[in-house]
Amino acid sequence: MLIADEFFLITHNDSRGKAKLHPTATGLGLAGGLLGELVLQGHVTVASGLVTVVDRRPPADALAHTVLDQLVGETQQHPVRTWLSFLAQTATASVGERLVRAGVLRRQESRRLIRTTVSYLPIDLNAVAWPATRLRALLDRPEPPSVPDGTLLGLVVAAGLSREVLWSAGPRAHHRLGVLIPALPPPLRELVANTEAAVGAAVLRGAG
Amino acid sequence: MSTPTLGRPSNVSEALARGRLGVPSVIFFVLSAAAPLTVVAGVVTTGYGVVGVLGIPVAFLTVAAVLALFSIGYVAMARRMTNAGAFYAYVSRGLGRPAGVGAAWVALIAYNALQVGLYGTIGAAAEPVLGRLFGVAPAWWLVALIAWATVGVLGLLRVDLNGLVLAALLVAEMVVIVAFDLGQLTHPAGGNVSFAALSPENLVVPGAGAVLVLAILGFVGFESAVVFSEESKDPRRTVRLATYLSIAIIAGIYALSSWSMTVAVGPDRIAAEAGEQSIGLIFNLAEAHLGGTAVAVGQALFLTSVLAAMISFHNTTARYAFALGRERVLPAVFGRTSPRTGSPRAASLAQSALGLVVIVLYALNGWDPVVQLFYWVGTAGGFGVLLLIATTSVAVIAFFARSRAEETLWRRALAPGLAAVALAVIVVLAVANFADLLGVAPDSPLRWAVPAVYPVAALLGLLWALVLRDSRPDTYARIGLGAESVAATVPTTGHVGASVPAATAARR
């Protein structure tokens, strides 16, 4: 599973599709996940706060393809923070739709008064609960997690969800989490750090 | 894929520009935190009563001029800052990190004092409203505790009052204030309008420092426009204009109201009447001039104004502690948020705990809530903010002297220099007149104890920064960066911890 997908399921681990994380942090975390997927596949890199496209060949995944096209389509380089804000605007819907296409979630529109809200309901509750369970187990294993898993864990911490995901984990898991993020490859470490900074900046602005 | 051509509009910039703020939105944000009716009905009346000096209107105009001068350099520096909303960030950039932590300690105390002080006035504000609606007159501390619980819960749920609600309240408050002022001006004491309170001589008296601090208190919040530097339509213009206009609007309305009060009561009797009627003064005047309905509306708005100010200061204080927690200058727990609401949970709870302790302390000891809590603690907070502004003005000069940023001489040196001198004079006067400010005897221990809190806190902060420099250099490097500190300290070189090649590991 792609990291933005797993992040989505961790934040929407609920039978009615309700979010466990407030919308700003959810959007930014998913945006970090989408950029992270492109970094992990070697399409883009992050250095000195800027996102650079290094491989324009189309990724296999349709959403990753769209995001890469958006990156390529800009005449000037933008900072990671700008991309995070930009992708965060649509990330919840676009990753939700990707999980619908993958057959993990189903889309439900409900109308309350005049507002139509879209929620993504789990088809199989176990499948939705799996990523969080997997992350918990991962931190208890002796060998270090893979780079994609490390990135996902980094984004979970950046969004402020670490305690909720690791509520049952022991002190060893918390300690490992602390050393894991500094050990990520520099572009991913920078991506995770910028996601955390963006979430914190949103709190300071009082934006919801 | 098309070849990008020069000058093509950027989709990203356009999508992000949609939510950008213009000058009016930023002004509304600043002014709604200023809660004008709280200042006019609460601070000004108590100020006349306690200090007994006629110079309050002139003090508002003087402070406005000084703050406008200060803002020239402040806004110029803000564009080059991360964490632009907090004075201590400017101090760390301009005067070094130890001074920055000192300023952060001072800011935490000052903003907490401003918030907690408001619990002292909520009882008096609610009394007439509750009396009219339910015919009850509960003890002040009961009302304060209810307000405290409301603020605490809203802070945790992160319900920042809706912008539209705040804007409507603000406009209503302004209308009521102007209506009251007109009522006072058309019913002058002794039959003719006296301009005595507007004479600059009123500031060359003992107690001048006291009214200047009082005036600063009225302007707290003007500094927050810079938070929107990144989100404004034109970062160079929007924030600058919004800051100046906010200062001008606040100065205009406060100077007018504090002057019209002296006209209606009589310049010679304002101190005595204000001392006796306290917060009731402008409502009693309005009762005589405009009738009962206007008073009822005014009193209801005074109550909502105090509540809105409490919530606003609670959130400001919690965010301050959150930023410091993110930097690890305060324990990291302050930098955590509640996942579901995104509120800075620990920071918010800590602020609420302090509020509870203060309310209980005042209730148990039977201390006077309006003068000893609202006025004393509030002015002590105002004095702290004055010290912060003064230090920041020096930091602005130092920053531009070192960075050689492209700014005019006026913006980077002359204006902040003049502001620094003026602010230093105000600080000296304030310290000299602190007994007048609090309305205590010149030999009262409070006269030194209250202003001494800040240098002591600043010194402790400074020492703490030096401890951090030796024991936790990464934390020391993050000082002043607030939420951005996480991204700022990513080392440029590092080792790859896991063995899976990044390019092939995206799909599992």
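This is a predicted model: local features need pLDDT of at least 70, side-chain atom pairs count only at pLDDT 80 or more; totals for chains, interfaces and linings use all residues.

Trainee: What is the secondary structure of chain A, and in what pattern does it run?

Mentor: Chain A has nine helices and four strands, where helices (H or I, at least four residues) and strands (E, at least two) are DSSP runs numbered from the N terminus. Along the sequence the pattern is α-α-β-β-α-α-β-β-α-α-α-α-α. Chain B, by contrast, comes to 20 helices and zero strands.

Trainee: How do you know whether the radius of gyration of chain A agrees with that of a compact globule?

Mentor: The radius is taken over C-alpha atoms, and the globule rule is 2.2 Å times the number of residues to the power 0.38. For 208 residues the rule gives a value near 17 Å, and chain A has 17 Å, so the two agree. The C-alpha atoms of chain A fill a box of roughly 45 × 45 × 35 Å along the principal axes. The C-alpha trace of chain B spans about 85 × 55 × 50 Å along its principal axes.

Trainee: What makes B:Gly49 count as buried?

Mentor: A residue is buried if 20 or more other C-beta atoms lie within 10 Å of its own, exposed if 12 or fewer, and partly exposed in between, with C-beta atoms placed from the backbone. B:Gly49 has 23 C-beta neighbours inside 10 Å, and therefore counts as buried. B:Gly49 is placed in helix H3 (residues 36–51) of chain B. Leaving aside residues up to four places away in sequence, B:Gly49 touches B:Ala271, B:Ala274, B:Gly275 and B:Ser278; contact requires C-beta atoms, placed from the backbone, to lie within 7 Å.

Trainee: Why is B:Arg328 called partly exposed?

Mentor: B:Arg328 has 19 other C-beta atoms within 10 Å, and is therefore partly exposed. B:Arg328 lies in the loop between helix H13 (292–326) and helix H14 (345–365) of chain B, and its phi is near 70 degrees, again positive in a residue other than glycine.

Trainee: Why are H6(A) and H9(A) called roughly parallel?

Mentor: Helix H6 (residues 147–158) and helix H9 (residues 186–205) of chain A pack at about 15 degrees, with their axes 8 Å apart. That angle makes H6(A) roughly parallel to H9(A), because angles under 35 degrees count as roughly parallel, over 145 as roughly antiparallel, 65 to 115 as roughly perpendicular and the rest as oblique. Axes are lines fitted to C-alpha atoms, for helices over the stretch in contact, and angles run from 0 to 180 degrees between N-to-C directions. Among the residues that meet are A:Val147 and A:Gly154 in H6(A) and A:Leu188 and A:Val199 in H9(A).

Trainee: What makes H9(B) roughly perpendicular to H15(B)?

Mentor: Helix H9 (residues 208–219) of chain B and H15(B) pack at about 85 degrees, with axes 8 Å apart. H9(B) is therefore roughly perpendicular to H15(B). The contact includes B:Val213 and B:Leu217 of H9(B) and B:Gly378 and B:Leu386 of H15(B).

Trainee: Which residues touch the most other members of the largest nonpolar core?

Mentor: A nonpolar core is a set of buried Ala, Val, Leu, Ile, Met, Phe, Trp, Tyr and Cys residues joined through C-beta atoms within 7 Å. In the largest one, of 250 residues, B:Ala107, B:Leu212 and B:Leu386 touch the most other members. Helix H15 (residues 369–403) of chain B gives the largest share of this core, 20 residues.

Notes: Residues are numbered from 1 along each chain as its sequence is written. Chains are lettered from A and ligands numbered from 1 in the order in which they are written. Two residues are in contact if their C-beta atoms, placed from the backbone, lie within 7 Å.
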